[in-house]
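Subject: Structure for you to look at

Hello,

Here is the structure I said I would pass on. Please open it beside this email and look up each residue as it comes up.

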Amino acid sequence: MASTVGVIFSSINEENVPELTKVRSIGSIPYGGRYRLVDFALSNMVNSGITTVGMITKNNYQSLMDHLGSGKDWDLARKQGGLILLPPYSDDSEILYKNRLEALKGATAFLRKATEDFVVLADSDAVYKLDYSKVIAAHIENNADITLVYHEHEVKKSHYYMTFDTANDGRIISIDINPVAGGMQKNYINVMVARTSFLVRLIQDAIQHGYTSFGKDILSPGVKNLKIYGYKFDGYYKAISSLNEYFDANMDLLDKNVRQEIFGDRDVYTKVNDSSPAKFTESAKVKNSLISDGCLIEGTVENCILYRGVKVGKGSVVKNCIIMTDNIVGENCKLSFVVSDKNSVIRDGRVLAGCEVQPYFINKGSLI
Amino acid sequence: MLRKKECVAMLLAGGQGSRLFALTSNIAKPAVSFGAKYRIIDFPLSNCINSGIDTVGVLTQYQPLVLNEYVGNGQPWDLDRTFGGVHILSPYEAKKDTSWYKGTANAIYQNIRFMKMYDPEYVLILSGDHIYKMDYDKMLAAHKAANADCTIACMKVPMKEASRFGILNTNPDGTIYEFEEKPKQPKSDLASMGIYIFTASKLFKYLELDEADPNSEKDFGKNVLPAMLNAGEKMYSYRFEGYWKDVGTISSLWEANMDLLGVVPNFELADRERVIHSRSPLAPPAFVEGEVVNSIVATGGEIEGKVVNSVVGTNCIIEKGAEVIDSVLMGNIVVKAGAKVNYAIVDEEVVIGEKAQIGADREEALKLDSKTAGIAVLGRGVTVSKGGKVAAGDIVDKNV
């Protein structure tokens, strides 16, 4: 495959899920029992043969750094390349970047140093499995300046989506930013491919012109004079742009087909943790749930995702819940449609309920 | 600057483990799976790092392939070091003399140069076939405090089982006055756990003497320890209280696995003070749809059948209508619809076909006269065809 460098935005679109990003970057939102969202973009890169990845961070990236470490769990602890954290770079303004373009500006030094011909940019707010090398192959075949990956699905609400129309050959003929909701759309999934040198020039140019938006100022007007192509991704794709979507994306894993697509075939790498195997006692009743290492189940669990080290006490009934790492659910509790962030304790006998469209959220480290 | 390590551990991992039959046909005993996600060697290696010992030689000989790959650079145990860390020590060809390890003492003797690279004050000798959590640092402190030449870890065993072990006869101050290897009439119930700390200079001296003795069997228990005692070296016992199990037989391996079950198990793996590290697999959490009761299940499983009183390893698929009872499934096993696995140990990569019957009710199986206490054993990679049968107590290493 063509030599490629990766750039991941670990901290973009955080305002969509304030509950979960209050204490962390969007990339380090826990997902699926043992993963963080960033694992998907990062594993996609590794599985596409990319061995140099720049990770653009913003604020609150302590939890992200703790997760990524040296990058060894992704085989990215390397002498050459590997995982390189790109903390916010501020010159004289002392203000952290506000948008994608400013974030990229901070990464230009990294991109200039890169010897790889191509660059893949990806966000870290979505769950999907995509071989980026196929996108690059299409990019080369189309002799494109920029290739944007899209996924066709119905747009329910405007989540800073960018949609576009393509000609028969895949070339993008118009770009619509923040489109009005409705109907099947070709939604940009914030995965972009370009020649590294071309991207650096583009950023340079944008800075000189005082542009502020990558989409509005570069891509949208660019359809006329640049060769911008679309690449259709038709696998499973779920971006996390609200707590509801977070809930749904987790619950999707209870579907065998989704599990097989996301976890089968190629590994999703993540930080390895030496928890003991999950334990089910005499009184455990578990149905249709994902149970992680370190769990101790003494109660009833149905349609749930239990993260590492969760304890469910005797007589408790937990249904349709997402219970994150090291939560302790006491005895005789009733929980339904609850999303409980890490390290919370739910005392004996508590009854907590949300509903399908509005899960009840418990902050990290709460005592209820 | 000269660098040194105060204590170097040497882990004897070369034994075949012939009493585990099909489970060790192709792999060394320390590489046998245990407790759903571990291998036996995780326990001594984790004990080392949890005790502050970061230099470990692993002596391999029999079928070392899986073990070598598993230990790798030692990263899962934080034993990947620029100085020290874990090293696989296989028998090697030398200019004068090429030989396999002839006994436990000879294996260590052949690696004296490895130990001397670290200029240690003390050497800790370990076995690779025991399940336990132990702070070797406390034992080392006792060794130093007593100014001992050799300290042997021991624990009380039931008197009627004492003749299976090396027995220490001790004075009230803990010094050893006699060492008996598997005595017919044991005088004490203090069994050696096969864990020794030597003052390094003494160890090297007695290993060289033992090597020169043509009548020696080159064994620690039979030769080196008695020789030191006879020469009047200071030998101390160190009492260990806690869980310790030799998993050298099918029935003891099964029991040790069962000791992990329950809210308050005999042996606790969920211990955040002394974590047992392992090369944890990357699989997603286990999907559980069926009935799972009094069992432990590792990641990657798809459990749609019934699992009772069992240990289920990584990436096991138990289809709808299948039953696993009183059994140990090691990893990457498929139990197809309608199959029954009862009182069995099933090694990795086994496929059990639809409606196959493995083993029998534990109560019934125990009445049988068999080498495995009635436990059915399926070796690595075996496929049991649809409707196939493996009787209680049978050991199978070919497709059925």
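The notes below go through what was found, starting with the contact between the chains. Please keep in mind that this is a predicted model.

The interface

Chain B brings 41 residues to the contact, and chain A brings 36 residues. The area buried between chain B and chain A is about 2,900 Å². Carbon and sulfur atoms give 50% of that area.

Between chain B and chain A the count is four salt bridges. One of the residue pairs in a salt bridge is A:Asp326 with B:Arg272, whose side chains meet at 2.8 Å, N to O. For polar contacts across the interface of chain B and chain A, the rule finds 20 residue pairs, with both residues at pLDDT 80 or more.

Which strands of chain B supply at least two residues each to the side that touches chain A? They include strand E14 (286–288), strand E15 (291–293) and strand E16 (295–297). Sorted by class, that side of chain B has 24 nonpolar, eleven polar and six charged residues.

Strand pairing also joins the two chains. Strand E16 of chain A, residues 289–291, pairs with E14(B) in the antiparallel sense, over three bridges. Within this pairing, A:Ser289 has B:Val288 of E14(B) as its bridge partner.

Sheets in chain B

Now follow the strands within chain B. Six strands, in the order E15-E18-E21-E24-E27-E30, form an open sheet with parallel pairing. E15 and strand E30 (389–390) stand at the edges of this sheet; each has a single partner strand, so one side of each is left without a neighbour in the sheet. The partner of E30(B) is strand E27 of chain B, residues 357–358, and the two pair in the parallel sense over two bridges. In that pair, B:Gln357 has B:Lys389 as its bridge partner.

Another run of parallel strands can be traced in chain B. Strand E19 (residues 311–314) is joined by three bridges to strand E22 (residues 328–331). E22(B) is in turn joined by two bridges to strand E25 (residues 344–346).

A helix in chain A

Helix H6 of chain A covers residues 132–141, and its buried residues are A:Tyr132, A:Ser133, A:Val135, A:Ile136, A:Ala138 and A:His139. Just after H6(A), A:Asn143 takes a positive phi of about 50°.

One tyrosine in chain B

Is B:Tyr118 buried or exposed? Its relative accessible area is 4%, and buried means under 20%, so B:Tyr118 is buried. This residue is found in the loop between helix H4 (112–116) and strand E6 (122–127) of chain B. Apart from its neighbours within four places in sequence, B:Tyr118 is in contact with B:Lys4, B:Lys5, B:Val8, B:Thr55, B:Phe83, B:Gly84 and B:His87. With B:His87 there is a polar contact between the two side chains, at 3.4 Å.

Regards

Notes. Residues are numbered from 1 along each chain as its sequence is written. Chains are lettered from A and ligands numbered from 1 in the order in which they are written. This is a predicted model: local features need pLDDT of at least 70, side-chain atom pairs count only at pLDDT 80 or more; totals for chains, interfaces and linings use all residues. Side-chain values use heavy atoms; hydrogens and water are left out. Contact means heavy atoms within 4.5 Å. Buried area is the accessible area (1.4 Å probe) that two parts lose on being put together, summed over both. A polar contact is a pair of N or O atoms within 3.5 Å; within protein, one must be able to donate a hydrogen and the other to accept it, and residues adjacent in sequence count only if both atoms are side-chain atoms. Helices (H or I, at least four residues) and strands (E, at least two) are DSSP runs, numbered from the N terminus. Ala, Val, Leu, Ile, Met, Phe, Trp, Tyr, Cys and Pro count as nonpolar, Asp, Glu, Lys and Arg as charged, and the others, Gly among them, as polar. Two strands pair if DSSP finds at least two bridges between them. Buried means under 20% relative accessible area, exposed over 50%, partly exposed in between (1.4 Å probe, protein chains only).
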